[in-house]
Amino acid sequence: SFLALFLARPTEATPTVPASGKRWTLKSRPTGVVSADNFALERVTMAADELAADEVLIQVELLSIDAFLRTMLDETAFHGSVSLGSVLPAVGMGTVVASNSKKFKVGSRVMGMLGAQSYARLSATKSPPEIFPAMKLPGVPLRAMLGALSLTTGITAYVGLFSVAKPPRKGQTVVVTAAAGAVGSIAAQLAKRMGAKVIGVAGGKEKCTFLEEALALDGAVDYKSDDESVGAQLDRLAPEGIDFLFDNTGGPVLDAVLDRLKPNKKARVVVCGGASQYSGNLNHGKVVGPSSYLKLAERSATMHGFAVFHFMHKLPAALAYLWWLTLRKKLVMHEQVEQGLEAFGEAMTKMWSGGHVGKLLVNVSATGLV
């Protein structure tokens, strides 16, 4: 079929299954910022001959560290909660090394919620699906399907910018929070391509330099600055006000932008996430909400929230556009890659300590990035 042209080809050599593997499990629930003490690295035995009907065994090669994973460590979570002792969640890519399924043959490349483990034993027929065939688009590396072209990164940015509210127009002022992160960096670049003036918010001079130099944004706000408040920086960079906010953080930064929405100009606020509130606040009644929300009424503005899986009908257009930009090298997807499954726990802490720029990945496979 036509779709088969874009599916990753099976590997030629027959993979071997080792006697044991490793996995990261949830040792204790974080009560605030994630700590390495919350996780445990365990060794497990592998038994390919014990696969149930329709099960496959996958050698995990690459894992994505995404912001929503923190919410899954709480007792209740919108994306599903992980029980104590269970494998830490992570979207990943790998190769089928043993199969009792007609759908996935040995050597097939797959993607899905593989988890933080060297080998994942999953059902090929579960509904909703746990794994999918890995799509390989010409001209871009396969790992782009976990970054610029992934549902949790590039497609989320595309949907939030173009499909949730009226998109930014040429000449309008756009603010993107967590702009040095994976989703924020793509959203900021897409807004620039619309001809908007784009200001990114990030923490620290290094990240702000990345926004201005690598992403060529029109300005950067350092929310960690001791010299100038977020509001003062926004006043300097956007003296006429803000037309569009792509928000990934919530909290005080969201309030600072709400206070500076353009009056009577139909400003739009799109809520993609609230990273500043994820570290325990969501389930303990401590969420810092937008105290300046009445600015929405005063200035005839709107605020929209979204989850990307409610916009799956936009996936073909989003994927085609992001692929085209990536192919023409018009889209920067900075990757920070941690090496080895052992690095997964530290990578999770980096996500919440500000220790990364762009897309954070863990390269599990010894053979290198796919």
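Helices (H or I, at least four residues) and strands (E, at least two) are DSSP runs, numbered from the N terminus. The model is predicted: local features need pLDDT of at least 70, side-chain atom pairs count only at pLDDT 80 or more, and totals for chains, interfaces and linings use all residues. Residues are numbered from 1 along each chain as its sequence is written, and side-chain values use heavy atoms, with hydrogens and water left out.

Met-93 lies in strand 4 (residues 91-99). Met-93 counts as buried because its relative accessibility is 0%. Buried means under 20% relative accessible area, exposed over 50%, and partly exposed in between (1.4 Å probe, protein chains only).

Strands pair if DSSP finds at least two bridges between them. Strand 9 (residues 197-202) pairs with strand 10 over four bridges, in the parallel sense. Ile-199 has Gly-219 of strand 10 as its bridge partner.

Axes are lines fitted to C-alpha atoms, for helices over the stretch in contact, and angles run from 0 to 180 degrees between N-to-C directions. Contact means heavy atoms within 4.5 Å.

The axes of helix 3 (residues 182-193) and helix 8 (residues 315-327) come within 13 Å and cross at roughly 85°. Helix 3 is therefore roughly perpendicular to helix 8 (under 35 degrees is roughly parallel, over 145 roughly antiparallel, 65 to 115 roughly perpendicular, the rest oblique). From helix 3, Ile-186, Leu-190 and Arg-193 meet Tyr-321, Leu-322, Trp-324 and Leu-325 of helix 8.

The largest nonpolar core has 89 residues. Such a core is a set of buried Ala, Val, Leu, Ile, Met, Phe, Trp, Tyr and Cys residues joined through side-chain atoms within 4.5 Å. Leu-190 is among the residues with the most contacts inside this core, as are Ile-58, Leu-63, Leu-211 and Phe-344. Helix 3 gives the most to this core, with seven residues. A second, separate core of 20 residues includes Ile-199, Val-201, Val-257 and Val-269.
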